[in-house]
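The entries below keep to what I could read from the coordinates.

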Amino acid sequence: MVKTTAATLLGALLTFAGTGANALGSDYSYDTFKTPDSVSWVQLCGTWGKTHQGTYRVIHADQYAQSFLYVQWMARDANGGLHAEHTVAIAELDNDHAEIALTDLTCRATPRGIVVTAKATSGHDDKLRRVTIEVGPAAGQYRYRGQRMR
């Protein structure tokens, strides 16, 4: 896990301004999270691009008793600072109908991108689930899978 300061988290939040999710119900862009205290997990994980010029950043926030998850394709500018080339909201989570809370988040690099996994509880039922999100390699590309645990 990457340790970040409040200033770094605030910077990450501002990067997302205007980015929306595409799902049924009310979508929550990262602009919803105006304070870093909503952000509970930030992870740099894996690289993207043919020459590995960038890295992925995964950001998890808690609000309204549910999780919101965003993935960024990060690159270095001429001064060496990181900036987001592309941001995607995980639409299956980032809307007011999802009511999914994530715990035990992990991220691992793969040859084609990253895989984010988490335990998930739903406000709609009592069954514990495992969520897997495969991200990349193209900017904005991801595949979401939810699995019921018995």
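Entry, model. I am working with a predicted model, and I keep that in mind for each value noted here.

Entry, disulfide. I looked for cysteine pairs with sulfur atoms within 2.5 Å, and by this rule I count 1 disulfide. The bond joins C45 to C107, with an S to S distance of 2.3 Å. I then looked up the torsion about the S-S bond of C45 and C107, which is about -100°, so I record the disulfide as left-handed. Since C45 lies in strand β1 (residues 39-48) and C107 in strand β5 (residues 100-110), the pair ties together parts that are 62 residues apart in sequence. I also checked accessibility at both ends, and both C45 and C107 are buried.

Entry, peptide bonds. I found a cis peptide bond joining G136 and P137, with omega at about 0°. When I placed P137 in the fold, I found this proline in the loop between β7 (128-135) and β8 (142-148).

Entry, positive phi. I noted H52, a residue other than glycine, with a positive phi near 55°; H52 sits in the loop between β1 and β2 (54-63). Its relative accessibility is 54%, and because the cut-off for exposed is over 50%, I list H52 as exposed.

I noted D104 as well, where phi is positive and near 50°, again in a residue other than glycine. D104 belongs to strand β5, the strand that also holds C107, and with a relative accessible area of 46% I list D104 as partly exposed.

How values were computed:
Residues numbered from 1 in each chain as written. Predicted model: local features only at pLDDT ≥ 70, side-chain atom pairs only at ≥ 80, totals over all residues. Heavy atoms only, no water. Helix = DSSP H or I, 4+ residues; strand = E, 2+ residues; numbered from the N terminus. Buried < 20%, exposed > 50% of the residue type's maximum accessible area, 1.4 Å probe, protein only.
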